[in-house]
Amino acid sequence: MGRVAGVLAELGIVLPVAQPPVANYVPFVQSGNLLIISGQLPMRDGAVAFVGKLGETVALEDGVAAARQCFLNILAHANTALGGDLDRVTRLVRLGGFVACAPAFTQHPAVINGASDLAVAVFGDAGRHARAAVGVPSLPLDAAVEIDAMFEITV
């Protein structure tokens, strides 16, 4: 068992099955030593687990859980891209976080911390990353959160 797989097991995390894209794009692209994962919704068992807008119908705690689920889906695609070897990740370079929210909602960073905190728990210092946390009026399939990622990997 690899180091990252061991950490996931210690955290009680079983990666979900990587979901197919919902439109005309690929779930990941490798370019040199970068692995870019397309935006992931908080999908669970083939459906969006958290729908609606923060500050209206979705509580902050649920937004954090949605971001965590998005990152689990990112890890599932990274695991597929890397042939099941997440130890090839040398650094999480960047997360892009999008929060569907009411106009007055301002806690975007707290929501995206659901993904950021899990990244650090899984990868340690290599999980510390640059990031954006942006509020938007809507997301695909009425998802509450969407997150994309860029990893540096060994080739």
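## Close-up views of the predicted model

**View 1. Helix 1 and helix 3 are oblique to each other.** Here oblique is what remains when angles under 35 degrees count as roughly parallel, over 145 as roughly antiparallel and 65 to 115 as roughly perpendicular. This is a predicted model, in which local features need pLDDT of at least 70 and side-chain atom pairs count only at pLDDT 80 or more, while totals for chains, interfaces and linings use all residues. Residues are numbered from 1 along each chain as its sequence is written, and side-chain values use heavy atoms, with hydrogens and water left out. The two helices, helix 1 and helix 3, pack at an angle of about 120° with their axes 8 Å apart. (Axes are lines fitted to C-alpha atoms, for helices over the stretch in contact, and angles run from 0 to 180 degrees between N-to-C directions.) On the side of helix 1, R3, V4, V7 and L8 take part, and they meet A121, V122 and F123 of helix 3. Sorted by class, this contact has six nonpolar, no polar and one charged residues. (Ala, Val, Leu, Ile, Met, Phe, Trp, Tyr, Cys and Pro count as nonpolar, Asp, Glu, Lys and Arg as charged, and the others, Gly among them, as polar.)

**View 2. Helix 1 (residues 3–10) has V4, G6, V7 and L8 as its buried residues.** Buried means under 20% relative accessible area, exposed over 50% and partly exposed in between, with a 1.4 Å probe and protein chains only. These buried residues of helix 1 pack against both helix 2 and helix 3. Just after helix 1 comes G12, with a positive phi of about 75°.

**View 3. Helix 2 (residues 60–81) packs against helix 3 (residues 108–123).** The angle between helix 2 and helix 3 is about 45°, and their axes lie 7 Å apart, so this pair too is oblique. Helix 2 contributes L60, G63, V64, A67, R68, F71, L72 and L75 to the contact, while helix 3 contributes A110, V111, I112, G114, A115, L118, A119, V122 and F123. (Contact means heavy atoms within 4.5 Å.) By class, 14 nonpolar, two polar and one charged residues make up the contact of helix 2 with helix 3.

View 4. Although D125 and I112 are 13 residues apart along the chain, 18 Å separates their C-alpha atoms.

**View 5. The whole protein has three helices and seven strands.** (Helices, H or I of at least four residues, and strands, E of at least two, are DSSP runs numbered from the N terminus.) Read from the N terminus, the order of elements is α-β-β-β-β-α-β-α-β-β. Along the principal axes, the C-alpha atoms fill a box of roughly 45 × 30 × 25 Å. Of the 155 residues, 43% count as buried. Among contacts with a separation of 6 or more, 81% come from residues 24 or more positions apart.
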